Amino acid sequence: GPLKPEITITYIAVSAIFFNSGLSLKTEELTSALMHVKLHLFVQIFTLVFFPTAIWLFLQLLSITPINEWLLKGLQTVGCMPPPVSSAVILTKAVGGNEAAAIFNSAFGSFLGIVITPLLLLLFLGSSSSVPFTSIFSQLFMTVVVPLIIGQIVRRYIKDWLERRKPPFGAISSCVLLMIIYTTFCDTFANPNIDLDKFSLIIIVFIIFSIQMSFMFLTFLFSTRNNSSFTPADTVAIIFCSTHKSLTLGIPMLKIVFASYEHLSLISVPLLIYHPAQILLGSLLVPTIKSWMVSRQKALKLTRQPKAPVKV
């Protein structure tokens, strides 16, 4: 259509989100986030190891049900996807969590996904096609890393103006994300090759929301343990980065790895549902998570205050 999503979404929209993040994020915050190795390991291991393995085990049970087998294979592809390059950052920012950590893990996880995701897809589903890692890597570098660096450079020259005017960075990112969601739905339902039975589709939607809720709860439990050393702001970034999956990287990867598959459109459906579902669910939970984070931060601040000496 006139929006030309193959250009505006794949290149301009994602680049705009990361340029916006680079412009709004303080350089010292981004630098300190690079050193938070424990958080990065948690997110990447959960996303690229635990998630696909747990889905594979779950699908062994679902394989005996009458659910469309290609939709089930599509669920496995969702599990293999890297973190998203947009939604996790925007939702973390909306809550007030560790945005710098979210940006780093989105970018770093996407780069890991260029190599690991195709290997996971080959391991769990198999494919005979070769994967052009170089072209995917260069596209990701140009749409994620370069806009972020340019944003940081521009920020150095207009830092005073930004702090004085306080532009609505969150609203800008949300508008861009809304455009991504709209074009995603258009792609899903405009494809004439998708032949879905309503039962399988409804069950898959229910399963997707259940997976997201379960994994968000799991990451919350793991990251808030007494010996975890994560701050409430870290937990917010972990919840979104660990459970969200990339559509902008995922669909091109599926088209490359499963280029010869007759049922590629059906395999793509769960990912096309998962992406808007994660944004919808995340948006609904923003007030609840924000309320928890603020109250938790206040409680931690009170416990760290030195007690006044008792007068005798």
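Helices (H or I, at least four residues) and strands (E, at least two) are DSSP runs, numbered from the N terminus. With that in hand, let's start the tour.

This is a predicted model, where local features need pLDDT of at least 70 and side-chain atom pairs count only at pLDDT 80 or more, while totals for chains, interfaces and linings use all residues. Residues are numbered from 1 along each chain as its sequence is written, and side-chain values use heavy atoms, with hydrogens and water left out.

**Whole chain.** Colour by secondary structure: you will find 12 helices and zero strands. Of the 312 residues, 49% count as buried (under 20% relative accessible area, 1.4 Å probe, protein chains only).

**α9 and α10.** Select residues 198-223 and 232-243: the helix axes (lines fitted to C-alpha atoms over the stretch in contact) come within 9 Å and cross at roughly 145°, on a scale from 0 to 180 degrees between N-to-C directions. Show side chains to see the contact (heavy atoms within 4.5 Å): F215, M216, T219, F220 and S223 of α9 meet T235, I238, I239, F240, S242 and T243 of α10.

Notes. Buried means under 20% relative accessible area, exposed over 50%, partly exposed in between (1.4 Å probe, protein chains only).
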